Amino acid sequence: MAFTKEQKQKMVAEYSELLQKSQAVFIIEHGKMNMKEIDTFRAKVREAGGVAHICKNTLFTIALKEQGYEVKSKLAGTSLVGFALQDAPALAKAFDEITAKSEIFALKKGFLDNKEISAQQIKALADLPPLPVMRATLLGTIMAPASQLVRTLAEPARGLAAVIKAYSEKDSAPAAA
């Protein structure tokens with residue numbers, strides 16, 4: 001199906017808008033996917049906080065260049081593009097899962113911070129823990145020295161209180177007998 005010039009301009013504008021909102025962009029080869037598989041994949045992408053579109057390579061490349069992305073190699077074949085609107089590692093994980101389970105799909109490349117990344121780099125990004133887990137780990141690392149300091153400072157007072165309690169129980173025991 002041939003697109004008119006106006007339709008092509010509208011597609012480029014839509015791709016550009018998604019690129020502006022995205023933290024990262026990932027591209028897979030989807031040549032032999034049927035619509036049921038594409039819909040299932042899109043649902044996983046939505047769960048990861050992103051959107052997926054089947055893109056025309058030339059129009060998508062134009063949008064990438066307009067938005068200042070470093071495009072090193074030309075896109076070929078059929079492209080299903082995922083735009084990470086919230087959590088880039090979560091979307092990378094969704095892309096990695098779909099390509100790992102199937103021989104039909106293949107990661108092409110992606111873009112992170114306007115720079116092109118390889119399929120191996122996308123897999124490495126997918127191996128990162130989710131953002132809430134990373135935040136909790138960081139918070140735990142920051143809090144550990146402070147809580148240890150509080151315990152260290154409170155220990156002498158706790159020991160003194162235990163001695164006083166033991167002494168008071170010792171004196172009250174003979175008086176009651």
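This is a predicted model: local features need pLDDT of at least 70, side-chain atom pairs count only at pLDDT 80 or more; totals for chains, interfaces and linings use all residues.
**Fold.** I counted 6 helices and 5 strands in the protein, taking helices (H or I, at least four residues) and strands (E, at least two) as DSSP runs numbered from the N terminus. From the N terminus on, I read the order as α-β-α-β-α-β-α-β-β-α-α. Residues are numbered from 1 along each chain as its sequence is written, and side-chain values use heavy atoms, with hydrogens and water left out.

**Overall shape.** I looked up the radius of gyration (over C-alpha atoms; the globule rule is 2.2 Å times the number of residues to the power 0.38). The protein has 28 Å, while a compact globule of 177 residues would have a value near 16 Å. The C-alpha trace spans about 105 × 35 × 25 Å along its principal axes.

**Cores.** Next I went inside, with a nonpolar core meaning a set of buried Ala, Val, Leu, Ile, Met, Phe, Trp, Tyr and Cys residues joined through side-chain atoms within 4.5 Å. Buried is under 20% relative accessible area, exposed over 50%, and partly exposed in between (1.4 Å probe, protein chains only). The largest core has 23 residues, and Phe 26, Ile 28, Phe 41, Leu 80, Leu 91 and Phe 95 touch the most other members. Strand S1 (24–29), helix H2 (35–47), strand S3 (79–84), helix H4 (88–100) and H5 each supply at least two residues of this core. H4 gives the most, with 5 residues. I also found a second, separate core of 17 residues, which includes Cys 55, Ala 63, Leu 75 and Phe 111.

**Salt bridges.** My rule was a side-chain nitrogen of Lys or Arg within 4 Å of a carboxyl oxygen of Asp or Glu. The count comes to 4 salt bridges. In one of them, Lys 108 pairs with Glu 29, with the closest N and O atoms 3.7 Å apart. Lys 108 lies in strand S4 (residues 106–112) and Glu 29 in strand S1, so the pair ties together parts 79 residues apart in sequence. Asp 96 and Lys 123 also form a salt bridge (3.9 Å, N to O). Asp 96 belongs to helix H4 and Lys 123 to helix H5, so this pair links parts 27 residues apart in sequence. Asp 96 is buried at 16% relative accessible area, whereas Lys 123 is partly exposed at 39%. I then checked Lys 109 and Glu 116, whose side chains meet at 3.4 Å, N to O; Lys 109 is buried, and so is Glu 116.
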